[in-house]
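Student: Could you take me through one part of this model up close, and then follow its surroundings outward? I would like to see which side chains meet which.

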Amino acid sequence: MSAERLRLVRDRVRGFPDFPAPGVLFRDITPLLKDPEAFRAAIDLLEAHVKDKHPQVDFIAGLDSRGFLFGPVLAQRLGVGFVLIRKKGKLPGRTESVSYTLEYGQAELEVQSDAVEPGQKVILIDDLLATGGTMRAACDLMSKLKAEILDCVVLIELTFLKGVDLLKPFPLYSVLQYD
């Protein structure tokens with residue numbers, strides 16, 4: 001991992017204390033998105049990891065909605081397709097869905113039933129891993145389609161929430177970690 005690229009990415013993530021609730025430090029990626037050099041560095045780091053660890057990938061699957069910011073660019077760089085994993089009710093046609101628990105209730109993710117074929121190699125991507133519930137639901141959804149999940153990748157991991165534990169046995173790669 002290039003230390004200079006990593007520093008550039010880290011410098012473009014800002015913290016907002018007490019947002020969206022008291023005691024929460026929100027990690028804001030909008031400065032990174034506004035800076036083309038920093039955004040390129042983030043994609044470079046993600047691309048380097050995937051190329052190093054996974055020589056054969058069929059699809060990048062992005063989680064609604066910030067996975068849609070990083071996933072298509074990464075997929076294009078790798079020369080593979082991009083799959084949308086959406087909140088329930090946002091995709092046309094036949095879909096598969098999974099329910100999962102949030103801190104405040106239930107939610108559902110879905111994907112088009114023909115998004116991947118059994119055995120195709122998929123990498124899941126999102127901007128942030130907190131408790132791991134949404135990423136785990138996405139893993140369950142891809143498993144339902146019999147995809148081979150190679151990796152879960154995120155820009156930011158909030159390590160103190162231990163979301164990585166919920167993902168097991170699926171691996172996680174994060175560019176930035178915050179305790």
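Tutor: In this predicted model, strand β3 sends Phe 59, Ala 61 and Leu 63 one way and Ile 60 and Gly 62 the other way, and all are buried.

Next to it comes strand β4 (residues 81-87), which runs parallel to β3 and is joined to it by five bridges. One of the pairings to look for is Gly 62, whose bridge partner in β4 is Leu 84. There is a side-chain link here too: Arg 86 forms a salt bridge with Asp 64, with the closest N and O atoms 2.9 Å apart. This pair ties together distant parts of the chain, as Arg 86 belongs to strand β4 and Asp 64 to the loop between β3 and α4, 22 residues apart. Both Arg 86 and Asp 64 are buried.

At 1.5 Å a residue, the 18 residues of α3 (residues 36-53) should span 26 Å, and the end C-alpha atoms are 26 Å apart, so the two agree. At the start of the helix, a side-chain oxygen of Asp 35 comes to within 3.0 Å of the backbone nitrogen of Glu 37. The buried residues of α3 include Phe 39, Ile 43, Leu 46 and His 49, and also Asp 44 and Glu 47. Their cover includes α1 (3-11), α2 (30-34), α4 (67-78), β7 (121-129), β8 and β9 (172-178).

Asp 44 counts as buried because its relative accessibility is 17%, under the 20% cut-off. Its side chain meets that of Arg 5 in a salt bridge (3.4 Å, N to O). The two partners come from distant parts of the chain, Asp 44 from helix α3 and Arg 5 from helix α1, 39 residues apart. Arg 5 has a relative accessible area of 37%, so this residue is partly exposed. Glu 47, at 12% relative accessibility, is buried as well. Its salt bridge with Lys 51 has the closest N and O atoms 2.9 Å apart, and both residues lie in α3, four residues apart, about one turn of the helix. A search of the whole structure finds 17 salt bridges.

Now compare Asp 151, found in strand β8 (residues 148-158). Asp 151 is buried yet has no salt bridge; Lys 53, the nearest side chain of opposite charge, is 8.3 Å away. What the side chain of Asp 151 does have is a polar contact of 3.0 Å with the side chain of His 54. Beyond its neighbours within four places in sequence, the contacts of Asp 151 include His 49, Val 122, Leu 124, Pro 171 and Tyr 173. His 49 is also one of the buried residues of α3, and β8 is among the elements that cover them.

Thr 101 is exposed, with a relative accessible area of 57%. Its side chain makes a polar contact with the side chain of Gln 106 (2.8 Å). The C-alpha atoms of Thr 101 and Gly 133 are separated by 6.9 Å, although these residues are 32 apart along the chain.

Key
Residues are numbered from 1 along each chain as its sequence is written. This is a predicted model: local features need pLDDT of at least 70, side-chain atom pairs count only at pLDDT 80 or more; totals for chains, interfaces and linings use all residues. Side-chain values use heavy atoms; hydrogens and water are left out. Helices (H or I, at least four residues) and strands (E, at least two) are DSSP runs, numbered from the N terminus. Buried means under 20% relative accessible area, exposed over 50%, partly exposed in between (1.4 Å probe, protein chains only). Lys and Arg count as positive and Asp and Glu as negative; His and the chain ends are not counted. A salt bridge is a side-chain nitrogen of Lys or Arg within 4 Å of a carboxyl oxygen of Asp or Glu. A polar contact is a pair of N or O atoms within 3.5 Å; within protein, one must be able to donate a hydrogen and the other to accept it, and residues adjacent in sequence count only if both atoms are side-chain atoms. Contact means heavy atoms within 4.5 Å. The expected span of a helix is 1.5 Å times one less than its number of residues. Two strands pair if DSSP finds at least two bridges between them.
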